[in-house]
Amino acid sequence: MPAKPYAVVRSVVIAAEPAQVHGLLADLRRWRLWSPWEARDRQLNRRYSESSQGVGAWFEWEGNLRAGAGRLEILQVTAESIALFVSWRRPFTSEQQMEFRLDPEAEGTRVTWTMHGELTGAAKLATVLFPMSRIHGPVFDRGLDRLKASCEQPGQA
């Protein structure tokens, strides 16, 4: 049975310059300010590459069942986007590509968060009842709300 491709896409307009938003997304150590997964485990163990910015920078985490465990690596950085690769070890094994796209608008910056990958086996069957957009969409919405708060009202995320 062939793999089933999926994509989850969410966006928000943030009243901030693209460079300000970019700074929070392109530095993996700054993800603690806005990441939707932070609240899932206050005791989350983190490891970072020597540099937390730029192509090849990575972040590994190990947490409780809700936070899981995995690795995130920056694949590409431009002024308009940040591309990442995510590999989960727990609670399920999976791999995805993520991208943050930053587009200037009159009100500030539109941030579009996209995740895509392929489902196989049991995961493919499970998404008949629970589509990936239903599973990850609310998490992305929460993260974008926290990112917006971090940019518009620093210290409020």
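A residue is called buried when its relative accessible area is under 20%, exposed when it is over 50%, and partly exposed in between, using a 1.4 Å probe and protein chains only. By this definition Glu105, at 30% relative accessibility, counts as partly exposed.

The model described here is predicted: local features need pLDDT of at least 70, side-chain atom pairs count only at pLDDT 80 or more, and totals for chains, interfaces and linings use all residues. Residues are numbered from 1 along each chain as its sequence is written, and side-chain values use heavy atoms, with hydrogens and water left out.

**Salt bridges**

A salt bridge is a side-chain nitrogen of Lys or Arg within 4 Å of a carboxyl oxygen of Asp or Glu. By this rule the structure has 10 salt bridges. Three of them are set out below.

| Asp141 | Arg10 | 3.3 Å |

The bridge between Asp141 and Arg10 has a 3.3 Å separation, N to O. This pair links distant parts of the chain, since Asp141 belongs to helix 3 and Arg10 to strand 1 (residues 4-14), 131 residues apart. Helices (H or I, at least four residues) and strands (E, at least two) are DSSP runs, numbered from the N terminus. Asp141 is partly exposed because its relative accessibility is 33%, and Arg10 is likewise partly exposed at 23%.

Is Gly143 buried or exposed? Gly143 counts as buried, because its relative accessibility is 0%. Leaving aside residues up to four places away in sequence, Gly143 touches Trp34, Pro36 and Trp113, where contact means heavy atoms within 4.5 Å. The C-alpha atoms of Gly143 and Glu38 are separated by 9.6 Å, although these residues are 105 residues apart along the chain.

**An exposed arginine in a loop**

Arg42 lies in the loop between helix 1 (18-26) and strand 2 (45-48). Arg42 counts as exposed because its relative accessible area is 67%. From C-alpha to C-alpha, Arg42 and Ala67 are 9.5 Å apart in space, while in sequence they are 25 residues apart.

**The cavity**

Rolling a probe the size of a water molecule over the atoms shows where empty space is left. On a 1 Å grid over the protein atoms alone, a cavity is a set of points where a 1.4 Å probe fits but cannot get out, and lining residues have an atom within 4 Å of a point. Grid points are joined across faces, edges and corners, and a volume is the space filled by probe spheres set on the points.

How many cavities of 30 Å³ or more does the structure hold? The structure holds one. The largest cavity has a volume of about 200 Å³. Its lining consists of 18 residues, and Trp31, Ser35, Trp37, Phe59 and Trp61 lie nearest its centre. Strand 3 (58-62), strand 5 (81-90) and helix 3 (132-152) are the elements that each give two or more residues to this lining. The lining residues of the largest cavity divide into 14 nonpolar, two polar and two charged. Here Ala, Val, Leu, Ile, Met, Phe, Trp, Tyr, Cys and Pro count as nonpolar, Asp, Glu, Lys and Arg as charged, and the others, Gly among them, as polar.

Note on methods: On a 1 Å grid over the protein atoms alone, a cavity is a set of points where a 1.4 Å probe fits but cannot get out, and a pocket is an open set with protein on both sides within 12 Å along at least five of seven lines; lining residues have an atom within 4 Å of a point.
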